[in-house]
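Please examine the sequence and the three-dimensional structure shown below.

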Amino acid sequence: MCWPVHQQTGTSATSSLWSWSWCPIQALGCQTTHSNQEVLQRCSVVIFATKPQVLPAVLAEVAPVVTAEHILVSVAAGVSLSTLEELLPPKTRVLRVSPNLPCVVQEGAMVMARGVHTGNNEAKLLQNLLEACGQCEEVPEAYVDIHTALSGSGVAFVCTFSEALAEGAIKMGMPSSLAHRIAAQTLLGTAKMLQQEGQHPAQLRTDVLTPAGTTIYGLHALEQGGLRAATMSAVEAATYRAKELSKK
């Protein structure tokens, strides 16, 4: 593997595909370089993980060395497949990936979309690579902005709920550290049950309910507070913002 390192220059064209102030990956046997073109000359699958405003200059820099053997993957938010294809040589095989933060613990929720010249083999290869970081599903490009809201921004939404859940316990007298540990484990356990048993959340919620019990009283309070509508509105607002950013 070959990884570019960040060059401290004043031009965006020399900003790297990956930026590193130091290179721990060298200890893993990976090679590094200051040349983005060298990366493409030595690697067939290249992931562009730059800021969106930097990506066009980086693509212009590497375009002369792009060949039919390359599979080019963009993680840059808001940069469409059509834009990637316009900035690269004709018939370049390109894909977009939308990751989320839990990729760092191999529990990411990712989606990928392929360009018009990308075949099943290239898509499957990328999917297999990404699944080392969690779950990856191929979707139409129109779903990428929705995924940004649901799973990218959704991490913050879930953390807000986890924080509120723990603070409710703190209000009732539980120590803070214990409350936050239990809240996080409750989210983890619930997520595993939803995944492993394939149940709809409504079914799992119903399984917890007992007539006149604690859960139905708590759910009533959540409905009074507008949790469901507020969460739906949060995903809607984040999706619209992602679409706005895609147009800039």
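How many bridges join strand β3 to β4, and do these strands run parallel or antiparallel? The model is a predicted one, and in it four bridges connect strand β3, residues 45-48, with β4, the two strands running parallel. Within this pairing, V46 stands opposite L72 of β4.

Strand β4 covers residues 71-74, and its side chains point in two directions: I71 and V73 go one way, L72 and S74 the other. In β4, the residues on both sides are buried.

From I71 the reader may pass to helix α4. This helix spans residues 120-130 and contains E122. Leaving aside residues up to four places away in sequence, E122 touches I71 and R93. Is E122 buried or exposed? E122 counts as buried because its relative accessibility is 13%, and the limit for a buried residue is under 20%.

Helix α5, residues 144-152, also holds buried residues, namely V144, D145, H147, A149 and S151. What covers these residues of α5? The cover includes strands β5 (93-98) and β6 (108-114), together with helices α6 and α10 (227-247).

L222 is classed as partly exposed because its relative accessible area is 36%.

The whole chain may now be considered. It contains ten helices and seven strands, and its C-alpha atoms fill a box of roughly 70 × 35 × 35 Å along the principal axes. Of its 248 residues, 30% count as buried. The accessible surface comes to about 15000 Å², and carbon and sulfur atoms account for 60% of that area. Among contacts between residues at least 6 apart in sequence, 57% join residues at least 24 apart.

Finally, the confidence of the prediction deserves attention. The chain averages a pLDDT of 89, and 90% of the residues score at least 70. Confidence is highest in helix α6, residues 154-171, at 98, and lowest in strand β1, residues 2-4, at a mean of 49. Over residues 5-22 the pLDDT stays under 50, although the model has 44 contacts beyond four places in sequence for this stretch. Where pLDDT is low, the predicted coordinates should not be read in detail.

How values were computed
Residues numbered from 1 in each chain as written. Predicted model: local features only at pLDDT ≥ 70, side-chain atom pairs only at ≥ 80, totals over all residues. Heavy atoms only, no water. pLDDT = per-residue confidence, 0-100. Contact = heavy atoms within 4.5 Å. Buried < 20%, exposed > 50% of the residue type's maximum accessible area, 1.4 Å probe, protein only. Pairing = 2+ DSSP bridges. Areas by Shrake-Rupley, 256 points an atom, 1.4 Å probe, with all protein chains shown as cover.
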